[in-house]
Amino acid sequence: MKKLGLALGGGGLKGLAHIGVLQALEQNGIKPTFISGTSAGSIVAALYASGMKPDQMAMQVKQLKPCDYLDYNIGGLIKYIIGLLLPGSHWPLQGVIKGRRLERLMYKWTRGLTLNQIKIPTAIISCNINTGYEVVFCNRRIPTGQRRVQVLHQALLSEAVRCSTAIPATFVPRKYGDMLMVDGGLRSMVPAWVQVAMGAEYILAIDLGQEQYHSDVDGIPALISRSLEILTYETSVMDEQLYADMVLFPVLDNIGLGDIDKADWIIAQGRQVMERRIEELIKALSA
């Protein structure tokens with residue numbers, strides 16, 4: 001049996017579809033040997049690496065309310081407005097969501113585990129916005145080739161996820177040492193390349209982006225999210241063509257960060273798209 005590497009792409013709350021993919025794999029007795037995730041994908045990757053079963057993930061997220069993971073930066077917004085009104089004042093606004101609640105939630109769900117404490121080879125992708133370098137939180141030593149990459153081996157899973165999910169201008173960037181970390185999707189929206197570096201023999205990539213859209217954007221966070229998807233789509237396609245053996249595209253349009261009430265439906269879409277290709281995957285892993 002070939003060693004399966006599972007690369008989970010970013011996409012906001014659409015990342016719940018990754019849970020459905022894992023459910024379908026588990027129901028067919030398939031366990032990824034390696035797992036990697038960017039942004040929303042990093043959340044599911046970290047939970048899986050920490051030992052949480054897909055059905056447990058589904059149960060946990062269905063109990064959430066938006067206020068459990070979204071903490072709006074009201075104070076920062078007020079300071080920013082005051083800075084605009086008062087001559088000589090300057091308080092930059094780095095994001096409309098602070099991200100502390102998400103990090104605390106991940107710390108609880110991953111039981112405070114560090115990269116060094118998990119057994120499954122795991123990679124979580126972020127970006128140092130000050131240098132433009134891709135940052136990979138990984139519990140394995142990996143070759144990086146010609147990519148502009150910095151690999152970090154010591155961090156809490158919750159810290160790595162917070163760094164990976166800091167969507168620019170939506171979430172406040174996460175300081176980590178002397179680095180300022182933002183969403184890993186800026187560098188690797190679907191982290192398939194790192195699966196090769198970790199040693200995967202067959203790579204399954206889950207791409208939550210779309211080339212065409214069927215709904216209008218509404219509000220600043222949605223506008224930023226859509227812009228990033230468009231900017232990173234071509235890069236994702238090139239990486240997938242180079243590194244992935246199978247790519248799945250759950251169809252998930254018009255899902256916002258607060259649409260947690262759609263969790264059941266989103267998870268089901270991921271499960272269904274995996275079930276349609278499961279026999280093909282089993283045959284490929286056995287070849």
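# Salt bridges and cysteines

Glu 159 and Arg 174 are both buried (buried means under 20% relative accessible area, exposed over 50%, and partly exposed in between, with a 1.4 Å probe and protein chains only). This is a predicted model, where local features need pLDDT of at least 70, side-chain atom pairs count only at pLDDT 80 or more, and totals for chains, interfaces and linings use all residues. Residues are numbered from 1 along each chain as its sequence is written, and side-chain values use heavy atoms, with hydrogens and water left out.

**Salt bridges: the count**

- The structure has eight salt bridges (a salt bridge is a side-chain nitrogen of Lys or Arg within 4 Å of a carboxyl oxygen of Asp or Glu).
- Side chains of opposite charge can pair when their charged atoms come close.

**The network at Arg 174**

- Salt bridges link Glu 103, Glu 159 and Arg 174 in a network.
- Glu 103 meets Arg 174 in a salt bridge, at 2.7 Å from N to O.
- Glu 103 sits in helix α5 (residues 100–109) and Arg 174 in strand β8 (residues 174–176), so this pair ties together parts that are 71 residues apart in sequence.
- Helices (H or I, at least four residues) and strands (E, at least two) are DSSP runs, numbered from the N terminus.
- Glu 103 is buried, at a relative accessible area of 16%.
- Arg 174 is buried too, at 17%.
- Glu 159 also forms a salt bridge with Arg 174, and here the closest N and O atoms are 3.7 Å apart.
- That pair links distant parts of the chain, with Glu 159 in helix α6 (residues 157–164) and Arg 174 in strand β8, 15 residues apart.

**The pair Asp 68 and Lys 65**

- Asp 68 and Lys 65 form a salt bridge, with their closest N and O atoms 3.9 Å apart.
- Asp 68 is partly exposed, at 28% relative accessibility.
- Lys 65 is partly exposed as well, with a relative accessible area of 46%.

**Cysteines**

- A disulfide is a covalent bond between the sulfur atoms of two cysteines.
- The structure holds zero disulfides (the cut-off is a pair of cysteine sulfur atoms within 2.5 Å).
- Cys 127 is in no disulfide, and its nearest cysteine sulfur, that of Cys 163, is 11 Å away.
- Cys 163 is likewise in no disulfide, with the sulfur of Cys 127 as its nearest, 11 Å away.
- Cys 127 is buried, at a relative accessible area of 3%.
- Cys 163 is buried, at 0%.
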